[in-house]
Amino acid sequence: MTKSALQIARAAYQPKLPKALKGAVKVKEGEPTQSVADQEAIKELFPNTYGMPLIQFVEGEAVSFPAINVGVILSGGQAPGGHNVISGLFDGIKALNKDSKLYGFILGPGGLVDHNYMELTADIIDEYRNTGGFDIIGSGRTKLEKVEQFEKGYEIIQELGIKALVIIGGDDSNTNACVLAEYYAAKNYGVQVIGCPKTIDGDLKNEMIETSFGFDTACKTYSEVIGNIQRDCNSARKYWHFIKLMGRSASHIALECALQVQPNVCIISEEVEAKDMSLDDVVTYIAQAVADRAAAGNNFGTVLIPEGLVEFIPAMKRLIAELNDFLAANSEEFAQIKKSAQRDYIIRKLSPENSAIYASLPEGVARQLTLDRDPHGNVQVSLIETEKLLSEMVGKKLAQWKEEGKYVGKFAAQHHFFGYEGRCAAPSNFDADYCYSLGYTASLLIANGKTGYMSSVRNTTAPAEEWIAGGVPITMMMNMERRHGEMKPVIQKALVRLDGAPFKAFAANREMWAKETAYVYPGPIQYFGPTEVCDQPTKTLQLEQAK
């Protein structure tokens, strides 16, 4: 396999570890924990794994450990650093006993159920250290929630003599890990389950999980390309660039990128919802920024938009809900109507408020709302090109203002969506170190007989030497939410906090960024160069921890 010069150089990078993990360790137990909400319901569902203490690893006496066989699963969407979690786990179990073995289940949780696996040996692991992607064993989105899946998985676990399973994933995958841990504990199967916090969206976090892995690298990658666009924007001075960024359930990526690049406008979904803003309010806000810059002779700018914005606009949420119900109930009648007449048909059938909103939408978006349905008959919000929707509506509003003499300027838009480009980027130094530490910590949780825990590495704005490694019971992060019509235990998503330091820092500066061209061009800062350039944690972490 041909390797680039960077891949060869990167293979030699040795991830840093917290001081406490470099020698023998012992467990320091904290207070018993409880779930973030719905304590009684969660306790009833997880009697064997509820209320366990927080754990911290501190320096201890050397102890000999028997060899252990461990299974590992990559679950859900890719995030930079996954290969280093596996490398840290491998090195950790080998340090405990050189005869320990690591098995990777192929293409996600489905590999466990289908008994599709491979042994991960040193020569395989060495090929993947410090690389992006999940291609060492692939990933998948199979949900582990049925008894027959647990039992089928247990067959191969017994056959391979596996003592523990490590599931590397986001909130849904770790919820599944918790359910599996509870099931195997209730059955006395002697199989431990450990989770590792992954998602570039940054919405798997709390006091014990300061950041999910991949967020740092993805934001640095996006910020580099947004900076490049801003450089072009400020050179040509004739386009407004509407840039959509990943983050369906929360706006952490958009906020972090805004803090890094200082765009003219950045919309935060959580603020839109809190202020009960309508689609027209959002459009007016952007159009005003365009008009103000035009008045100063600047007919160019950048707008950052989170992927999930449409679902956070309360009026749009109500429109989508009514459309879902109406089209489900009248699908046959709707199918008979000529395409050219479908829009008018829907406008006539909806309630007055929703009918007015639907009529105001550009035709392309209106069509996406009615035609492109998922298998459950719901609108596929991720397919809505929000960046085009907003620029088209801003263009219309500006044309109207021009007629009224409120706007003098030219408006031309360019559109971008940055998603997969950041997902499999080579991990930053931070993610390379953080992921390696998470994997190594998982090996110690296993060695100390823990199950139903998530690997936790804290104090992450300090140098890696001073990081605090341990474990947090997954039940501690859970609450009950309605999914597909029934209440289910799930890890609570962390949304952007409008009273948090990162949002406040953004809010304090955005008016100035809107008027002036205050762009920052981060450049390729993932890993190559002096420490003060490459090893910076995200702005989000620095502001949250006031460093």
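Mentor: R510 is found in helix α21, which covers residues 501-515; helices here are DSSP runs of H or I with at least four residues, strands are runs of E with at least two, and both are numbered from the N terminus. The model is predicted, so local features need pLDDT of at least 70 and side-chain atom pairs count only at pLDDT 80 or more, while totals for chains, interfaces and linings use all residues. Residues are numbered from 1 along each chain as its sequence is written, and side-chain values use heavy atoms, with hydrogens and water left out.

With a relative accessible area of 16%, R510 is buried; the term means under 20%, against over 50% for exposed and partly exposed in between, with a 1.4 Å probe and protein chains only. The side chain of R510 makes a polar contact at 2.7 Å with the side chain of E271. A polar contact is a pair of N or O atoms within 3.5 Å; within protein, one must be able to donate a hydrogen and the other to accept it, and residues adjacent in sequence count only if both atoms are side-chain atoms. Leaving out residues up to four places away in sequence, R510 touches N264, E271, K275, Y285 and F503, where contact means heavy atoms within 4.5 Å.

E307 sits in the loop between β10 (301-306) and α12 (309-312). The side chain of E307 reaches the backbone nitrogen of G247 at 3.0 Å. Besides G247, the residues that E307 touches include K244, L245, M246 and R248, as well as S382, T386 and F417, again not counting residues up to four places away in sequence. E307 and I243 are 64 residues apart in sequence, yet their C-alpha atoms are 9.6 Å apart in space.

Now the chain as a whole. Residues 24 or more positions apart account for 77% of the contacts with a separation of 6 or more. Of the 547 residues, 57% count as buried. The secondary structure comes to 23 helices and 15 strands. The radius of gyration, taken over C-alpha atoms, is 25 Å, close to the 24 Å that the globule rule gives for 547 residues, so the chain is as compact as a globular protein of that length. That rule is 2.2 Å times the number of residues to the power 0.38. Along the principal axes, the C-alpha atoms fill a box of roughly 80 × 60 × 50 Å.
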